[in-house]
Amino acid sequence: MTRLCILLGALLTLPGCIVFDKKSEAVAFYQFSSPSAAAVNSEPVVFVTRASIPTALRRPNLVMQDDAGWVRVEDSHRWIAPLDRLISEAIAHHLTSITGISTTLLAPPADHLVLLVTVERMTVKAPKDATLGIHFRLENSAGEVIREKSSAWTTVMDSPNPAEFVRAQSK
């Protein structure tokens, strides 16, 4: 009797939860664009670690945060891979493209340099500016600090939408 009541209850309530005439929004996937270039110098190799990112950004969904701390999570706009890995890949590609230095995302067995990346801010400023703030720390393979620096870049977006945000942050 109990099973019959549960089955009957499920049959009566479930049709009200299912909507057949609405289509869900298509999911768009994003990754940063970065130049691909071959390394000119094979030594020293720079190991770019996974980026440390703010907790508000640690999710598969694209998160657009403003200067006031308001967060807009884009449910149908997602990163193609974990954001901390995407940021490190883009930085490694930019570094190789600009300097010709060989970069890797896996720790090499031989002596190398280590680039630690901390994203301090990845925000949208009113009305249409995307700001990226990163702290870089360069160490040798023994862990001794060679240099530290924080930098911030602001790029104008054509409109404050997810695709433009990713394009602006890629620069």
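The model is predicted, so local features need pLDDT of at least 70 and side-chain atom pairs count only at pLDDT 80 or more, while totals for chains, interfaces and linings use all residues. Residues are numbered from 1 along each chain as its sequence is written, and side-chain values use heavy atoms, with hydrogens and water left out.

- His77 is part of strand 4, residues 71-79, where helices (H or I, at least four residues) and strands (E, at least two) are DSSP runs numbered from the N terminus.
- His77 counts as buried because its relative accessibility is 15%, and buried means under 20% relative accessible area, exposed over 50%, and partly exposed in between (1.4 Å probe, protein chains only).
- When residues up to four places away in sequence are not counted, His77 touches Glu25, Ala28, Tyr30, Pro60, Asn61, Leu62 and Pro162, a contact being heavy atoms within 4.5 Å.

**The largest nonpolar core**

- A nonpolar core is a set of buried Ala, Val, Leu, Ile, Met, Phe, Trp, Tyr and Cys residues joined through side-chain atoms within 4.5 Å.
- The largest core has 32 residues, and among these Phe32, Ile87 and Val117 touch the most other members.
- Two or more residues of this core come from each of strand 2 (41-48), strand 3 (61-66), helix 2 (83-99), strand 6 (113-125), strand 7 (129-140) and helix 3 (162-170).
- Leaving aside neighbours within four places in sequence, Val117 is in contact with residues including Val48, Arg50, Ile87, Ile91, Ile134 and Phe136.

**Salt bridges**

- A salt bridge is a side-chain nitrogen of Lys or Arg within 4 Å of a carboxyl oxygen of Asp or Glu, and the count by this rule comes to five.
- One of them joins Asp84 to Arg50, with the closest N and O atoms 3.5 Å apart; this pair links distant parts of the chain, since Asp84 is in helix 2 and Arg50 is in the loop between strand 2 and strand 3, 34 residues apart.
- Asp84 is buried, at a relative accessible area of 18%, whereas Arg50 is partly exposed, at 48%.
- Another joins Arg85 to Glu89, the closest N and O atoms being 3.2 Å apart, and both residues lie in helix 2, four residues apart, about one turn of the helix.
- Arg137 and Glu148 also meet through their side chains in a salt bridge (3.6 Å, N to O); Arg137 lies in strand 7 and Glu148 in strand 8 (residues 145-156), so the pair ties together parts that are eleven residues apart in sequence.
- Arg137, Glu139 and Glu148 are linked in a network of salt bridges.

**The largest pocket**

- The largest pocket is lined by 29 residues, of which Ile91, His94, Ile134, Phe136 and Trp153 lie nearest its centre.
- On a 1 Å grid over the protein atoms alone, a pocket is an open set of points where a 1.4 Å probe fits, with protein on both sides within 12 Å along at least five of seven lines, and lining residues have an atom within 4 Å of a point.
- Helix 2 gives the most to this lining, with seven residues.
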